[in-house]
Amino acid sequence: MAFLSDTLARVKPSPTVAMTGKVAELRAEGRDVIGLSAGEPDFDTPESIKDAAKAAIDAGRTKYTAVDGIAELKQAICAKFARENGLSYTPEQVSVSSGGKQVLFNALMATLNPGDEVVIPTPYWVSYPDMVLIGGGTPVFVPGDPATGYKISPEALEAAITPNTKWFLFNSPSNPSGAAYSREELKALTEVLMRHPHVWVMTDDMYEHLTFDGFEFTTPAQVEPGLYERTLTVNGVSKAYAMTGWRIGYAAGPKELIAAMRKVQSQSTSNPCSISQWAAVEALNGPQDFIDTFRTAFKRRRDLVVAGLNACPGISCPTPEGAFYVYPSIKDCIGKTSAGGRKIESDEDFANALLEENNVAVVFGAAFGLSPNFRISYATSDAALTEACARIKAFCEGLS
């Protein structure tokens, strides 16, 4: 009898977490490594949010809470959806978890059966397919088109749907590409979904507030009200509020689904951190002006990185509409040899050689399901990004 679960053999460790760990090891050895692998804002959590957490501690709000969130936070989430997305939910339709990843995990665990398929656009966030596999489902990938910034077409979505499709798992703005779907592009996808009433929609809106150049964010149930009863709208406070370590994600959807997710959470983590929940209440209800400050900085960094990468021989980098990532193509670098003698036969080879020879850590594209590319997170200082681009250019100039 094998000791480890057969299911675990189907799952890979997170490549982004692995690269972040590698950066920490190299820095501990004294290497001057610029880490561009972690999807985490470098800004501090705003003071009003930290003050709310301190007040919660002082008030003794340190006990167990309801399994999937305190009433005050659920009410704040309902108000947020109404205010920002034009979606009406009641607290019974809301679930709060220890991060957006747990929300997604709970929903998949609560709904997937063997043979169920989950349609996922590529490039995808590294955890999506592995969570589907843990849940016993089968991920079905729809390649994004590089010509449109790695967005999928309605025709490609239609072709991927089968009688076994349970979910369409959608992320806009996207990790890793930063691509964001306009209202018109999203409407074209929702028209496909309306023709397939057995398909549910799980939309990961974590980067909702981080869009640029006047882009108008919309979410599927907002664009097509006919999808409301089969859509789980997922969000959280990690990215826009610089609260990654606080671990609060949330979702709203049909009561039956939310109840099933609550059951899963009741037998895993139980409630999210009580202090973090009170901090999230302030994040959603309190001042929002700092989001514009964050957005302005991210746009400046996006423009810096896109220009810097497009100046590198063999690299082509589209300009994304949102998030804090770029996903450049390195197809013209494949088959070459680095200055250090490393053969570049894949984007993983490129990323490893770049780290070893020029001390820049990026995540290779195969981790996100679409090659040959790599992902950069530009959620770090302008100075670090400028130096990183210079090092990447030197690396590319050394290829032969």
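Q: Why does F290 count as buried in this predicted model?
A: The relative accessibility of F290 is 11%, and since buried means under 20% relative accessible area, F290 counts as buried.

Q: What makes the pair of F290 and F294 tilted?
A: The ring centres of F290 and F294 are 5.6 Å apart, which is within the 6.5 Å needed for a pair; their planes stand at 50°, and because stacked requires under 30 degrees and edge-to-face over 60, the pair is tilted. Both residues lie in helix α11 (residues 289-310), 4 residues apart, about one turn of the helix. F294, at 7% relative accessibility, also counts as buried, and ring pairs link F290 and F294 into a cluster with F43, Y207, Y241, F298, F324 and Y325.

Q: Why is the aromatic pair of Y89 and Y228 called stacked?
A: A search of the whole structure finds 20 aromatic pairs. For Y89 and Y228 the distance is 5.2 Å centre to centre, with 20° between the planes; because planes under 30 degrees apart count as stacked, this pair is stacked. The pair links distant parts of the chain, 139 residues apart, with Y89 in the loop between α3 (71-85) and β2 (94-97) and Y228 in the loop between α8 (220-223) and β7 (231-236). Y89 counts as buried, at 6% relative accessibility.

Q: How do you know that R61 lies over the face of W278?
A: R61 is at 3.9 Å from the ring centre of W278, and the cut-off is within 6 Å, together with a position within 35 degrees of the ring normal; R61 is accordingly listed over the face of W278.

How values were computed
Residues are numbered from 1 along each chain as its sequence is written. This is a predicted model: local features need pLDDT of at least 70, side-chain atom pairs count only at pLDDT 80 or more; totals for chains, interfaces and linings use all residues. Side-chain values use heavy atoms; hydrogens and water are left out. Rings of Phe, Tyr and Trp (its six-membered ring) pair if their centres lie within 6.5 Å; planes under 30 degrees apart count as stacked, over 60 as edge-to-face and the rest as tilted. Helices (H or I, at least four residues) and strands (E, at least two) are DSSP runs, numbered from the N terminus. Buried means under 20% relative accessible area, exposed over 50%, partly exposed in between (1.4 Å probe, protein chains only).
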